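I am opening a notebook on one protein chain.

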Amino acid sequence: MNINTFANISIDGLRKLIPTIGTELTPVVQSEPGCGKTSLLKMLEEDLGDGYDYIYVDCPVKDMSDIAMTIPNHATKSLESYVGSLFKLDSPKPKVILLDEFMKSPKLLQVIFTRLMLERCVGDTPLPQGSIVFATSNNASDGVGDSMLAHAGNRVCIVKMQKPDAESWLKWAGDNGINPLIRAFVHMFPRCLASYLDGGQEDNPYIFNPSKPMLSFASPRSMAKASVIVDNKEVLGEEVVLSALAGTVGASVAGDMSAYLRMEKELPTLKSILANPTEVKIPTETAALLMLMFQATDSLENQEQLSKFMQFVNRLESSEMQAVFFTMLCRSKKGMPLARNNAEIAKWATNNHELF
């Protein structure tokens, strides 16, 4: 079977794989830029708790003195290895160590890191029992300078990470406070999170593509980072916002998002909808409705507010658009408890069960 036929592993799959095999076999996680590889360390901390020390190693910027140094012992007239404080070996806890961008390390450090990956030793000093080591890197096809010594590659587990698609990113974004306007844009233009390795993406102007070099492009990471720009759009002004967006997610995304910025100014506020849900004007643009729904998912605080907003949602002519709000709410950590106990939501779900 051709290796290309094997499915890439999702982030959720990697959260299981790394702690399961990482005490003995080092996973080396590869993906294109901006897909969330580095975030795996934080996710593992959420999963595994405070029984470990969590250590981030930015491999390309380290040198020998950061890892270990040989110091004379005058009493024994010998040389001893002192490990860098980076690895927290003064703590008895087992470690979870991320060797980030491992394949961009200087070759000498790759040799040092290889012993860590194979033997769970920093220099000559072993890690505490139960320590987990994993590494990340870009795909070789990304053309950003990643390489690995062949003998080392045969001793680790090199796995491809699945790039988060729009649906999975939107769920994460809703739970992590990403601006509703950006989430509405991703919902309308899911190809902004496609991969250049997917078929039919040759003309996709939004994404990273090694055959069309650009520094700013749409990725799960950059779309999340753009949130702070849009959050402060009133202070910055439209011209500055668009320039900053272009420098963060690329000119194509910034240009298309400009229409969203202008459209938002014409939307009814959530406050006005809750005050008069049966009569407030309903926007005709799908993008405008999506923005309102994302705002509501983030902002509704109690059953009374949700019931009033559902009166507004029930006025929409499209039951499919109503279903979008229902899905958003049920996938939200904040919205799910409200939805579970709301009579209007229960009534809508009963009347529209055929949509699911």
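**Entry 1: the cores.** Before counting, I need a term: a nonpolar core is a set of buried Ala, Val, Leu, Ile, Met, Phe, Trp, Tyr and Cys residues joined through side-chain atoms within 4.5 Å. Buried, here, means under 20% relative accessible area. I also note that I am working on a predicted model.

How many residues does the largest nonpolar core have? I find 64. The residues with the most contacts inside this core are W169, M223, L245, M257, F309 and F325. Next I looked up which element gives the largest share of the core, and I got helix α14, residues 286-299, with nine residues.

I then picked F325 and listed its contacts, leaving out residues up to four places away in sequence. F325 touches M293, A296, T297, L300, L306, F309, M310 and V313.

Entry 2: Is Q295 buried or exposed? Its relative accessibility is 18%, so I count Q295 as buried. With residues up to four places away in sequence left out, Q295 touches P180, E264 and L270. I also checked Q295 against D53. The two are 242 residues apart in sequence, and their C-alpha atoms are 38 Å apart in space.

**Entry 3: strand β5.** Strand β2 covers residues 53-58 and pairs with β5 in the parallel sense, over six bridges. Which residue of β5 is the bridge partner of D53? I find K95. β5 also pairs with strand β8, residues 132-138, again in the parallel sense, over four bridges. There I97 stands opposite V133 of β8.

Why do I call β5 largely enclosed by the rest of the structure? The strand runs over residues 95-100, and six of its six residues are buried, so the rest of the structure largely encloses it. I reminded myself of a rule: in a regular strand the side chains alternate between the two faces of the sheet. In β5, I see K95, I97 and L99 pointing one way. V96, L98 and D100 point the other way, and all of these residues are buried.

Entry 4: Strand β3 takes in residues 68-73. It pairs with β4 in the antiparallel sense, over six bridges. A68 has V83 of β4 as its bridge partner. The two strands, β3 and β4, form a hairpin with four residues between them. In the turn I noted K77, which has a positive phi of about 55 degrees.

Then I looked at the surface. M69, I71 and Y82 form a nonpolar patch there. Together they have about 290 Å² of accessible area. Y82 belongs to strand β4, residues 78-83.

**Entry 5: salt bridges.** How many salt bridges are there? The count comes to 15, taking a side-chain nitrogen of Lys or Arg within 4 Å of a carboxyl oxygen of Asp or Glu. I looked up several.

- K104 meets E101 through the side chains, at 2.7 Å from N to O. K104 is partly exposed, with a relative accessible area of 26%. E101 is buried, at 19%.
- R115 pairs with E119, and their closest N and O atoms are 3.0 Å apart. Both lie in helix α4, residues 107-119, four residues apart, which is about one turn of the helix. R115 has a relative accessible area of 30% and is partly exposed. E119 is also partly exposed, at 47%.
- R191 meets D203 at 3.5 Å, N to O. Both lie in the loop between α7 (180-188) and α8 (220-225), so the pair ties together parts that are 12 residues apart in sequence. At 33% relative accessibility R191 is partly exposed, whereas D203, at 56%, counts as exposed.
- R15, E46 and D47 are linked in a network of salt bridges.

Conventions:
Residues are numbered from 1 along each chain as its sequence is written. This is a predicted model: local features need pLDDT of at least 70, side-chain atom pairs count only at pLDDT 80 or more; totals for chains, interfaces and linings use all residues. Side-chain values use heavy atoms; hydrogens and water are left out. Patches are made of residues with over 30% relative accessible area and no salt bridge: like charges are joined within 9 Å, nonpolar side chains (Val, Leu, Ile, Met, Phe, Trp, Tyr) within 5 Å. Accessible areas come from the Shrake-Rupley method with a 1.4 Å probe; for residues, only the protein chains shown count as cover. Two strands pair if DSSP finds at least two bridges between them. Buried means under 20% relative accessible area, exposed over 50%, partly exposed in between (1.4 Å probe, protein chains only). Contact means heavy atoms within 4.5 Å.
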